[in-house]
Every structure is written in structure tokens, then in C-alpha cells.
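Biologist: I would like to learn how to read a protein model feature by feature, with the general idea before each case. Could we go through one together?

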Amino acid sequence: MKIIDNLLSEPDFDLIKKRLVYSNDLSWGWSPQKVFKDDGTDTLVSMIYQGHEPKQKDHFVTLYTLFNEVLDVVSWYRIKINCTWKRQEYRVYGYHQDYGKHSDERVKHAKTAIFYCTTTDGPTVFDEPHESVDCIENRLVIFDGSRKHSGTTHTEGNERRIVINFNYF
């Protein structure tokens with residue numbers, strides 16, 4: 001696992017906030033679940049790239065420009081933005097792998113990165129070994145795509161926990 005704090009320059013991070021975090025042109029979809037069916041967590045999801053094509057081209061170009069080199073991307077698999085709200089109590093959403101249950105050999109080389117757009121007390125937690133990464137704005141965590149992880153609820157900090165999830169080779 002690799003953690004990079006203050007990844008983006010102040011102007012670049014301001015660009016992320018302006019074009020993505022606080023933008024009215026980002027398309028969001030509501031989901032009644034965060035990770036698993038009927039998990040009881042309302043979530044907003046904005047799909048930026050999936051199925052070998054940008055879903056929101058202008059936003060993809062912004063993210064590609066800022067992250068492609070630092071992540072050393074050969075090929076994108078998926079980019080999505082997740083938004084959850086402050087809760088009364090702490091809860092782990094559910095350990096999962098972003099690539100699902102693929103048995104394809106290529107998935108063994110997949111990477112996942114999470115970029116934190118807001119600061120909250122809702123860390124990303126990892127299973128085997130048990131570790132956590134605090135949700136601090138402008139922080140990037142990169143890890144093996146087969147590693148089980150989970151977001152968590154938050155009770156302090158920004159009203160919204162917003163992360164950009166990158167899956168790539």
C-alpha cells in the first residue's frame with residue numbers, strides 16, 4: 001500500500017473541487033446500497049469511466065490529466081465518485097474487491113486507488129492485514145486491486161464523504 005498526502009497542487013485540488021466535488025454538472029445516480037444489496041446505505045455515485053469508455057467525457061479528461069501519470073496507468077477499468085453523508089454511528093459498509101469475483105488472470109495485476117476529496121473521520125479499512133487509511137482531503141492511497149477493503153460511515157468532519165475510486169491496470 002502506498003499513501004501520498006497533498007498529492008495535488010493547490011490549484012489542481014481547487015480544480016477538482018470546482019469541477020467535481022461542488023459542481024452542478026456532475027451527473028449523480030442515487031443508490032439504496034453502498035456495497036451489498038439491502039445494506040441500508042443511501043449513496044450517490046457518479047460514474048466517470050466504465051466499459052472501455054468515458055461516461056462523462058469532460059470529467060474524465062480532468063481526472064486523466066491529473067492522475068494518469070502518478071498512477072502509471074496502462075489501461076483504465078473504472079473511475080467513479082462516491083458520496084455518502086454524515087451518520088450518527090460508525091459502521092463498516094462491507095469488505096469487497098472492486099473487481100468483483102473475476103477469475104481472469106489479468107485481474108491479478110489490477111490496482112485500486114482512492115483519492116479523498118473531503119476530510120472526515122470515516123477511514124477506508126482493509127482486511128488481512130487489518131489496516132486503515134484516514135479520510136483526509138487531497139490524500140491518495142494505492143493498493144493491490146485484489147485486496148478487500150471497505151469505506152465506513154463518518155460522524156465528524158465534512159457533511160459529505162466524497163472519494164474518487166480508480167480501478168486500472
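This is a predicted model: local features need pLDDT of at least 70, side-chain atom pairs count only at pLDDT 80 or more; totals for chains, interfaces and linings use all residues.

Modeller: Residues are numbered from 1 along each chain as its sequence is written, and side-chain values use heavy atoms, with hydrogens and water left out.

Biologist: Which strands pair with β5, and in what sense?

Modeller: Strands of a sheet pair through backbone hydrogen bonds, either parallel or antiparallel. Strands here are DSSP runs (E, at least two residues), numbered from the N terminus, and two of them pair if DSSP finds at least two bridges between them. Strand β3, residues 43-50, is antiparallel to β5 over 6 bridges, and in this pair M47 stands opposite K80. Strand β11, residues 160-168, also runs antiparallel to β5, joined to it by 9 bridges, with W85 opposite R160.

Biologist: What does the buried R78 have around its side chain?

Modeller: A salt bridge is a side-chain nitrogen of Lys or Arg within 4 Å of a carboxyl oxygen of Asp or Glu; for charge, Lys and Arg count as positive and Asp and Glu as negative, while His and the chain ends are not counted. R78, which lies in strand β5, has no salt bridge, and the nearest side chain of opposite charge, that of D98, is 4.2 Å away. The side chain of R78 does, however, reach the backbone oxygen of D98 at 3.4 Å.

Biologist: In what order do the strands of the open sheet stand?

Modeller: The open sheet has 3 strands in the order β8-β7-β10, with antiparallel pairing. Since β8 (131-133) and β10 (149-150) each have a single partner strand, they stand at the edges, so one side of each is left without a neighbour in the sheet. Strand β7, residues 124-126, is joined to β8 by 3 bridges, and T124 stands opposite V133.

Biologist: Which residues form the nonpolar patch on the surface?

Modeller: Such a patch is made of residues with over 30% relative accessible area and no salt bridge, whose nonpolar side chains (Val, Leu, Ile, Met, Phe, Trp, Tyr) are joined within 5 Å. Here the patch consists of Y90, V92 and Y95, with about 260 Å² of accessible area together, an area computed by the Shrake-Rupley method with a 1.4 Å probe. Y90 sits in the loop between β5 and β6, and this residue counts as partly exposed because its relative accessibility is 47%.

Biologist: Are H52 and N138 buried or exposed?

Modeller: H52 counts as exposed because its relative accessibility is 72%, whereas N138 is buried, with a relative accessible area of 7%. As for peptide bonds, the one from E128 to P129 is cis, with omega near -5°, and P129 lies in the loop between β7 and β8.

Key: Helices (H or I, at least four residues) and strands (E, at least two) are DSSP runs, numbered from the N terminus. Patches are made of residues with over 30% relative accessible area and no salt bridge: like charges are joined within 9 Å, nonpolar side chains (Val, Leu, Ile, Met, Phe, Trp, Tyr) within 5 Å. Buried means under 20% relative accessible area, exposed over 50%, partly exposed in between (1.4 Å probe, protein chains only). A polar contact is a pair of N or O atoms within 3.5 Å; within protein, one must be able to donate a hydrogen and the other to accept it, and residues adjacent in sequence count only if both atoms are side-chain atoms.
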